[in-house]
Amino acid sequence: MAERRGNRDAAEDDLPVYLARPGTADQVPRQKYGGLFCSVEGAFDSKSIDFDALSVGQRGSRTPRTAKRETDRDARSPASDSRSSPGADGPAAHSRGGRDLPRVEIRTGGGKEVLQNLGEEKSDRLLIKGGRIVNDDQSFHADIYMEDGLIKQIGDNLIVPGGVKTIEANGKMVIPGGIDIHTHFQMPYRGTTTVDDFAQGSKAALAGGTTMIVDHVIPEPGSSLMEAYDQWRQWADEKACCDYSLHVDITHWNDSIKQEVDNLIKEKGVNSFQVYMAYKDYYQMSNSELYEIFTFLAERGGIAQVHAENGEIIAEEQARMLQMGITGPEGHVLSRPEELEAEAVFRAITIASQTNCPLYVTRVMSKSAADIISQARKKGNVVFGEPITASLGTDGTHYWSKNWAKAASFVTSPPLSPDPTTPDYLNTLLSSGDLSVTGSAHCTFSVSQKAIGKDDFTQIPEGVNGVEERMTLIWDKAVTTGKMDENMFVAVTSTNAAKILNLYPRKGRIAVGSDADLVIWDTDSIRTITAKTHQSAAEYNVFEGMELRGAPQVVICQGKITLEDGNLHVTSGVGRFIPCSPFPDFAYKRVKARKQLAVLRAVPRGMYDGPVSEFSMSRGGTPSASARTSPTKQPVRNLHQSGFSLAGNPAPCGPPTPDDIPIRPAGRRIVVPPGGRSNITSLS
Amino acid sequence: SRDFSFFLGGESSSPAEETMSDCRRQWNREDELPVYLAGPISTGPNQRKSYGMFSAVEGAFESKTIDFDNYAVGRKGSRTPRSGSRERLLDTGDPIGKTPSEAREGSLTNSPPETDDGRPGVEIRYSSGKGCPDGESEKLLIKGGRVVNDDQSLYADVYIEDGLIKQVGENLIVPGDVKVIEANGRMVIPGGIDVNTCLMKPYLGTHPVDDFLQGTKAALAGGTTMIIDHVTPQPGDSLLEAFECWQEAADKKACCDYSLHVDIPEWNETVKDELELLVQDKGINSFQVYMAYKDVYQMSDSQLYEAFSFLKKLGAVVLLHAENGDLIAQEQRKILEMGITGPEGHPLSRPEELEAEAVFRAITLGNRMNCPIYITKVMSKSAADTIAQARRKGSVVFGEPITASLATDGSHYWSKNWAKAAAYVTSPPLSPDPTTPDHLHTLLASGDLQVVGSAHCTYSTSQKAIGKDDFTLIPEGTNGVEERMGFIWDKAVAMGKMDENQFVAVTSTNAAKIFNLYPRKGRIAVGSDADIVIWDPDSVKTITAKLQQSASEYNIFEGLECRGGPALVMSQGRVVYEEGKLQVQQGSGRFIPRKPFPDHAYQRVKFRNQVKGKQGVTRGMYDGPVYDVVPTPKYITPAPSAKTSPTSHQPPPIRNLHQSNFSLSGAQIDDNVPRRSGHRIVAPPGGRSNITSLG
């Protein structure tokens, strides 16, 4: 890779990189860009197709323009290898936002106020001055005053008490803190856990501008959902540095689980439950179970999340790959082709539409799956798609890497699509609103953990990083390319998630009364992603080497500054559990209206009193030897009986009927009632 | 007795006709012409000679301009302005009025000499005058017809001997004592092939009212000279025995050539052997599997995967009944619980989404296995669209709409007349969306759907009444073998959606290609079987159970008017149907064996096989540290709590390759197994090798 890149750099333009950067290298005042009608920075980039970018996939971000910068950077800061210590406030060396840009200034109140609020280091009172507030619906310039972790005032010329820490935003964007709706921190796996626990993971989240995470509780099949939930709560309460909420995965289904789901919804503040269509014989649910779960969740106001892949076919394909002698990570993607993802998405949508249940597809990894979702939305289905950082930022070509550790680090399910145009496509659908939210599915394993599957790809623990890179990556791939505006950016990174979780407007919006989870976003900072500087404990970063534009400059979580100029100030255990209530309007308003419409009625008819043909209803037991010779005469269980047996065993002639008892007396007469046919059955 | 029934038909169908003609009168008002003259009558008898081989095909331009009126009126669409103007021509020349019913029934009831009304009939004469009049003649010459194949139409005479087409061309040199059929410029097309009939499908001990005799008679009357019937063994039955049973019955009774599909009711090892035998020795190359009928015929995705890969190796075409059986079962339960027991519960419990879902899944499986698949009974727009999309992406998939889905819709399930509503019960159900037939015709015309079957499986009202209190018990099946070709003509060709060549393709040629009968069947060419139909595009008849060949009491197309029909049908070189008269011979139908690997389906598959080889990446061995996990136990004794597991119906969880559960991140089934204390990272003494280094 490196040689290749080197070649290209050598061959093409000879400009020093720092000159190639549009607009940020010198002292050009930022104000030039903020105007209402000026063109979006970098918008023309997306107008001409960059074929290099298409062909190389992840490297696509390394357009000639950016490729140089890396060299530049390497030359300038060769010491950046030093990893930040995992301590609570280790300096993050990766943010280079502050170099030549107008800085965000933080100052505490004047001398008097300091005296008044003696010793109050961690002021609960914060004022952001001169920022441009960007919500999902509009952007406007206003100051924000926060107290006690809540936004108290928004507007110009606010009257604020003394002792207020003031942040000069200098016209930068102030956005609601990101909500990462899909993480797996501290997830147990075969006796080990993912390397990022709630402390490490939420730290990484904050470093990336995400102020709330929603983690998946994964109970083991056969165990109690409630216990697993409590376990996760305990872990998270101990360590999380930002607010969190939980999804609960339903890994098996029966009546006691039903009860637990009910309790979780009513008492525990969980409104979303994931079910699996993959992982045969383990997590996988049959269609009938899915139907029951969806029906149940629709009644209780829950959101049904699905891991959509066809587990049965995957199992067959895995066996086939191993038989063919393919044991490396490339077997993972070969045995899980994207068609199987699309198929499962289609099926899930069908079931959800039958049960009138809002559906949420986690981890949309391929173009075809995304297309199915967008088609379904066009037909009016209530379905939400969640692409993840990895699918938006990189592709599956790396599964063929010669470096086993690298290839294995990309293993996740559904796999990244080997089609290098996928990230671009998903970003487009995200911009158009066909996909609704973004998660990270952050689930990191060390190389030695991944190596559990060194001889068998089916054993490689699945998961990629992405919680830290999520917002930056979307900014870089969608906003700077002109696909998406800043309001949509807020919608897909924060607001939509809050709406689905029924946390809006507490989260996902900058408004009076909302939680003071804010990010001052620096649209111009550029950084190179590398495992050496990221907050996560993972040894390998799937976005390694990508240069991304846009980063959080200041992150405020619960009214406290947790990140400023690359310095993290986090405290483990301050994260609160945010309960989600059922029946989120965003998903359920339409569902409720449809429920009223979808009442089915029988046709009132007279009783059929015409002749009824003789038939024998028999259970399809073991066919007798003689019966086998003439299939036509054998009245074994017929197809039409199928419906019957399922029909709740109606009394008169249900399956409990002993074998081969004809319903009518023998003799295949047509029974005509004495009065002849009545008119309701006559042919006309 | 036939005349009698015709007579009856004329009498009793008149009320319906009157309403029809009212509509038509309205409709034609712009032409200011009396309706009865609207009968589409071709002009002068010598017309034919003016058409050379390269002259425009008659009526060809009509399909080029869109007639919006047609679209608006739908069913009445066949009355194009063209026929109106032709009337005008007639009006001056032949002012003698006929009653509407005469005009319409003409082709049905009248005997051949109808030249007196200016219309060229099909005329049979004997060159020597000695020919036997019973249609047994071995030598036949069709003169002056326009031979229409799926690729081109040309004027040519066709000479037939010994049941085969011996010569096609002009100025043929034929021996004496040849029976000559004057086609008078009419279309001479390959006989239809109905790819989906169920003439012997047992249901709870009863059988369809149309057996092989009755059913093939109906087929011939509709211009279909070959049927492919489904052998439907029950789970547990031997496929081979079932096949022989069907073959025996058909050999005794069938009046036209036939072949058989075999349905696979369950999947196991013995089935595999039988399938191999059927393909190699018995001439079967198509097998149906079911995605519906839970707990009876339904196969799981894994079974389908195995079945597909096995059938592909044999070179067979996989037919699919595509509906999601699991969901249907759930819906049926729900609907019955709501107290809906009538036939309307049938479509309510089988919404078309479930059909589309299954079609999508089947196509996905087919793609994975690189196996050609064939969807039987495409009943809904969404299923058809799914097929069309998949074909655009290159999938080898064929779709078969049936007569019922092409000509009527599911609104009848809500009929107050139970018997009528029940007559429409078939699976997948007819879509309640009334625009469905039109849409399916469009896709058929564009080639997105390829063949047309009838799924003819008729039960009497008393048989249907088995389900009078529970719609799930109503035997499923509709009629359509007789009406199949007529309706496609009426709704697609006469509407300008389809040309006559495509008509031949969808009714006959494509079926012959997919099932490896081509060019023996499905084409008029030297050496092909002499299954020929002389098609009358202008005949108009009203469908009614009283005039049909089928023995069923109820015709789901009752009262529909259909333009276009066979004027003469020839099967195995014998004239079996002529101007409304059937002369069939029971048991004359032959079983036509079919070879595996039909080119039409398998050529692409074979090439893809060569391309699709997969290779692993050659890497050095990973020699870095490996997290220490407990060795995998071979068996896991199900804990007492395992009874709660939804997978309990499955065999004990033997760890095998299918265990994707291992690969997934998350809690594992063996988490509770005590493991070595201390989770060490095992690092080799030499440290990491370079192949695993990062960067």
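Buried means under 20% relative accessible area, exposed means over 50%, and partly exposed lies in between, with a 1.4 Å probe and protein chains only. Keep those cut-offs at hand for every stop below.

The model is predicted: local features need pLDDT of at least 70, side-chain atom pairs count only at pLDDT 80 or more, and totals for chains, interfaces and linings use all residues. Residues are numbered from 1 along each chain as its sequence is written, chains are lettered from A and ligands numbered from 1 in the order in which they are written, and side-chain values use heavy atoms, with hydrogens and water left out.

**Stop 1: C255(B)**

Select C255(B). It sits in the loop between α7 and β9 (257-263) of chain B. Helices (H or I, at least four residues) and strands (E, at least two) are DSSP runs, numbered from the N terminus. C255(B) counts as buried because its relative accessibility is 1%. Now show its contacts (heavy atoms within 4.5 Å). Leaving out residues up to four places away in sequence, C255(B) touches L213(B), T216(B), K217(B), L220(B), S571(B), V584(B), Q585(B), Q586(B), S588(B) and G589(B). Then draw a distance to S349(B). The two C-alpha atoms are 38 Å apart, and the residues are 94 apart along the chain.

**Stop 2: two salt bridges in chain B**

A salt bridge here is a side-chain nitrogen of Lys or Arg within 4 Å of a carboxyl oxygen of Asp or Glu. Select E244(B) and K282(B). Their side chains form a salt bridge, at 3.5 Å from N to O. E244(B) lies in helix α7 (residues 239-253) of chain B and K282(B) in the loop between α8 (269-281) and β10 (286-290), so the pair ties together parts that are 38 residues apart in sequence. E244(B) is partly exposed at 35% relative accessibility. K282(B) is partly exposed too, at 27%.

Move to D448(B) and R392(B). This salt bridge has an N to O distance of 3.1 Å. It links distant parts of the chain, 56 residues apart: D448(B) is in the loop between α16 (436-446) and α17 (461-464) of chain B, and R392(B) is in helix α13 (residues 381-392). R392(B) is exposed at 63%.

**Stop 3: E317(A) and R320(A)**

Switch to chain A. The side chains of E317(A) and R320(A) meet in a salt bridge of 3.3 Å, N to O. Both belong to helix α11 (residues 311-323); because they are three residues apart, about one helical turn separates them. E317(A) is buried at 0% relative accessible area, while R320(A) is partly exposed at 28%.

For a network, select D243(A), R506(A), K507(A), D515(A), D517(A) and R576(A), which are linked by salt bridges. Over all chains, the structure holds 59 salt bridges.

**Stop 4: T493(A)**

Select T493(A) in helix α20 (residues 486-500) of chain A. It is buried, at 0% relative accessibility. Its side chain reaches the backbone oxygen of F489(A) at 2.7 Å. Not counting residues up to four places away in sequence, T493(A) touches G178(A), I179(A), T438(A), R470(A), M471(A) and I474(A).

**Last stop: all of chain A**

Zoom out. Chain A has 23 helices and 21 strands. Of its 684 residues, 63% count as buried. Among contacts between residues at least 6 apart in sequence, 78% join residues at least 24 apart.

How values were computed:
A polar contact is a pair of N or O atoms within 3.5 Å; within protein, one must be able to donate a hydrogen and the other to accept it, and residues adjacent in sequence count only if both atoms are side-chain atoms.
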